[in-house]
Amino acid sequence: MDALASGRRIKWLTCLDDFTKECLTITAAFGISGVQVACILDSIALFHGYPATIRTDQAPEFTCRALDQWAFEHGVKLRLIQPGKPTQNGFIESFNGRFRDECLNEHWFSDVLHVRKIINDWRLDYNESRPHSSLNYQTPAEFAAGWRNGKSEGEQTDITN
């Protein structure tokens, strides 16, 4: 969570693919419900397909009926980390820290459109310009493109929120 220059609070939803290390989306809104999370995940699935598993914390938008129903309808397993155990979702916690340090703390946001532009630019830089040692020093976009070109039909990956 953060705030605009006006003081109005703004919330973030970050979705990462654990396998490709791609940041699939960073959604900024004044509030994010379980129904909105399901809609965001549906939009991600249009290009990436539905994940086998989604790992999240215990926030209300992840423990509500709307997301549970969405997961059931799409055959997605929801894995909730234990309360107070962020290390069970270490990759997203590390990513969120980097996102805060490199993007959120570096900007004074005037409105939600400004927020969305800045974070999308940062997300593209993260995916397309930053090699990861765990990906054999490829960027997440390079690794994902190579994997998608070679993967068999019906394979699924996991994402974290």
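Student: Which residues does Ile26 touch, not counting residues up to four places away in sequence?

Tutor: In this predicted model, Ile26 touches Trp12, Leu13, Thr14, Phe95, Phe99, Ile119, Trp122 and Arg123, with residues up to four places away in sequence not counted. Each of these is called a contact because heavy atoms lie within 4.5 Å.

Student: What makes the set around Ile26 a nonpolar core, and which of its residues touch the most other members?

Tutor: The name applies because a nonpolar core is a set of buried residues of listed nonpolar types joined through side-chain atoms within 4.5 Å. The largest such core has 19 residues, and Trp12, Ile26, Phe95, Phe99, Val115 and Ile119 are those that touch the most other members. Strand E2 (9-17), strand E3 (23-29), helix H4 (90-102) and helix H5 (112-129) each supply at least two residues of this core, and the largest share, 6 residues, comes from H5. Apart from it lies another core, of 17 residues, among them Ala29, Leu41, Ile54 and Val76.

Student: Why is Trp70 called buried?

Tutor: Trp70 has 4% relative accessibility, and buried means under 20%, so Trp70 counts as buried. Trp70 lies in helix H3 and touches Ala38, Leu41, Asp42, Tyr50, Ile54 and Val76, once residues up to four places away in sequence are set aside. The C-alpha atoms of Trp70 and Cys39 are separated by 9.2 Å, although these residues are 31 residues apart along the chain.

Student: How do you know that the buried residues of H3 line one face of the helix?

Tutor: The buried residues of H3, which spans residues 65-74, are Leu67, Trp70 and Ala71. Seen down the axis of H3, these buried residues fall within an arc of 95°, and so they line one face of the helix. On the other side of H3, Arg65, Phe72 and Glu73 are exposed. What covers the buried residues of H3 includes helix H1 (34-48), strand E4 (53-56), helix H2 and strand E5 (77-80). Just after H3, Gly75 takes a positive phi of about 65°.

Student: Why is Thr20 called buried, and where does Thr20 lie?

Tutor: Thr20 lies in the loop between E2 and E3. Its relative accessible area is 1%, and the limit for buried is under 20%, so Thr20 is buried. Leaving out residues up to four places away in sequence, Thr20 touches Leu135, Pro140, Phe143 and Ala144.

Student: What makes the phi of Lys21 worth a remark, and is Lys21 buried or exposed?

Tutor: Phi of Lys21 is near 70°, which is a positive value in a residue other than glycine. The place of Lys21 is in the loop between E2 and E3. With a relative accessible area of 17%, Lys21 is buried, because that value falls under the 20% cut-off.

Student: Why does Tyr137 count as exposed?

Tutor: Tyr137 has 61% relative accessibility, and exposed means over 50%, so Tyr137 counts as exposed. Tyr137 is found in the loop between H5 and helix H6 (140-150), and its phi is near 60°, again a positive value in a residue other than glycine.

Student: What is the volume of the largest pocket, and which residues are the closest to its centre?

Tutor: The largest pocket has a volume of about 350 Å³. Of the 17 residues that line the largest pocket, Met1, Trp12, Thr14, Asp57 and Asn96 are the closest to its centre. E2, helix H2 (60-63) and H4 each supply at least two residues of the lining, and the largest share, 5 residues, comes from H4.

Student: How do the residues of the lining of the largest pocket divide?

Tutor: The lining of the largest pocket divides into 8 nonpolar, 4 polar and 5 charged residues.

Methods
Residues are numbered from 1 along each chain as its sequence is written. This is a predicted model: local features need pLDDT of at least 70, side-chain atom pairs count only at pLDDT 80 or more; totals for chains, interfaces and linings use all residues. Side-chain values use heavy atoms; hydrogens and water are left out. Buried means under 20% relative accessible area, exposed over 50%, partly exposed in between (1.4 Å probe, protein chains only). Helices (H or I, at least four residues) and strands (E, at least two) are DSSP runs, numbered from the N terminus. On a 1 Å grid over the protein atoms alone, a cavity is a set of points where a 1.4 Å probe fits but cannot get out, and a pocket is an open set with protein on both sides within 12 Å along at least five of seven lines; lining residues have an atom within 4 Å of a point. Grid points are joined across faces, edges and corners, and a volume is the space filled by probe spheres set on the points. Ala, Val, Leu, Ile, Met, Phe, Trp, Tyr, Cys and Pro count as nonpolar, Asp, Glu, Lys and Arg as charged, and the others, Gly among them, as polar. The arc is that of the directions from the helix axis to the C-beta atoms.
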